[in-house]
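Have the sequence and the 3D view ready while you read.

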Amino acid sequence: VQLQACGGGLVQPGGSLRLSCAASGSIVSINLMGWYRQAPGKQRELVAAITNGGRTTYADSVKGRFTISRDNAKNTVYLQVNNLKPEDTAVYYCSVLDGSTLYWGQGTLVTVSS
């Protein structure tokens, strides 16, 4: 399974972006899809996750600002990020749980700066 993430970029504080990540290849059955991020000098952390039934979970730091969604027909997960703050600057990674195997995307950089 390959994951292709895109949508990152440079944005001013208060701005928005939409990240997307498409899974392809020998997919068995994708259950959980999620986004993680890793800021410089910090550990990778969960940002948001969504089950194939649409149940979602968010890190406290992004609740009310980020929205995760998925298109099961396209095996794609999205992350709408609004009201971005400088502390949101990080490489954002998508991940999917296909069967019992966890796959990671290559990461997309989000930089929030004026």
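Q: What makes Ser20, Cys21, Ala22, Met33, Ser69, Arg70 and Asp71 contacts of Thr76?
A: Contact means heavy atoms within 4.5 Å. Thr76 touches each of these residues, and residues up to four places away in sequence were not counted. One thing to keep in mind: this is a predicted model, where local features need pLDDT of at least 70, side-chain atom pairs count only at pLDDT 80 or more, and totals for chains, interfaces and linings use all residues. Residues are numbered from 1 along each chain as its sequence is written, and side-chain values use heavy atoms, with hydrogens and water left out.

Q: Why is Thr76 called buried?
A: Buried means under 20% relative accessible area, exposed means over 50%, and partly exposed is in between (1.4 Å probe, protein chains only). Thr76 has 8%, so it counts as buried. Thr76 sits in strand β8; strands (E, at least two residues) and helices (H or I, at least four) are DSSP runs, numbered from the N terminus.

Q: What makes the pairing of the Thr76 side chain with the backbone oxygen of Lys74 a polar contact?
A: A polar contact is a pair of N or O atoms within 3.5 Å; within protein, one must be able to donate a hydrogen and the other to accept it, and residues adjacent in sequence count only if both atoms are side-chain atoms. Here the side chain of Thr76 reaches that oxygen at 2.9 Å.

Q: Why is Ile30 buried rather than exposed?
A: Its relative accessible area is 9%, so Ile30 is buried. Ile30 belongs to strand β4 (residues 30–38). Leaving out neighbours within four places in sequence, Ile30 is in contact with Ala23, Asn52, Arg70, Asn75, Val96, Leu97 and Asp98.

Q: What about Cys6, which is in no disulfide?
A: For Cys6, the nearest cysteine sulfur is that of Cys21, 8.4 Å away. Cys6 has 40% relative accessibility, so it counts as partly exposed.

Q: Why is the disulfide of Cys21 and Cys94 described as right-handed?
A: The torsion about the S-S bond is about 50°, so this disulfide is right-handed.

Q: What makes Arg37 and Asp88 a salt bridge?
A: A salt bridge is a side-chain nitrogen of Lys or Arg within 4 Å of a carboxyl oxygen of Asp or Glu. For Arg37 and Asp88, the closest N and O atoms are 2.9 Å apart. The two are in distant parts of the chain: Arg37 in strand β4, Asp88 in the loop between β8 and β9, 51 residues apart.

Q: How do you know that Asp88 and Arg65 meet in a salt bridge?
A: Their side chains come to 2.7 Å, N to O. Asp88 is in the loop between β8 and β9 and Arg65 in the loop between β6 (56–58) and β7, so the pair ties together parts 23 residues apart in sequence. Asp88 has a relative accessible area of 1%, so it is buried; Arg65, at 8%, counts as buried. Arg37, Glu45, Arg65 and Asp88 are linked in a network of salt bridges.

Q: Why is Asp60 called exposed?
A: Its relative accessible area is 65%, so Asp60 is exposed. Asp60 meets Lys63 in a salt bridge at 3.1 Å, N to O.

Technical notes: Disulfide = S-S within 2.5 Å.
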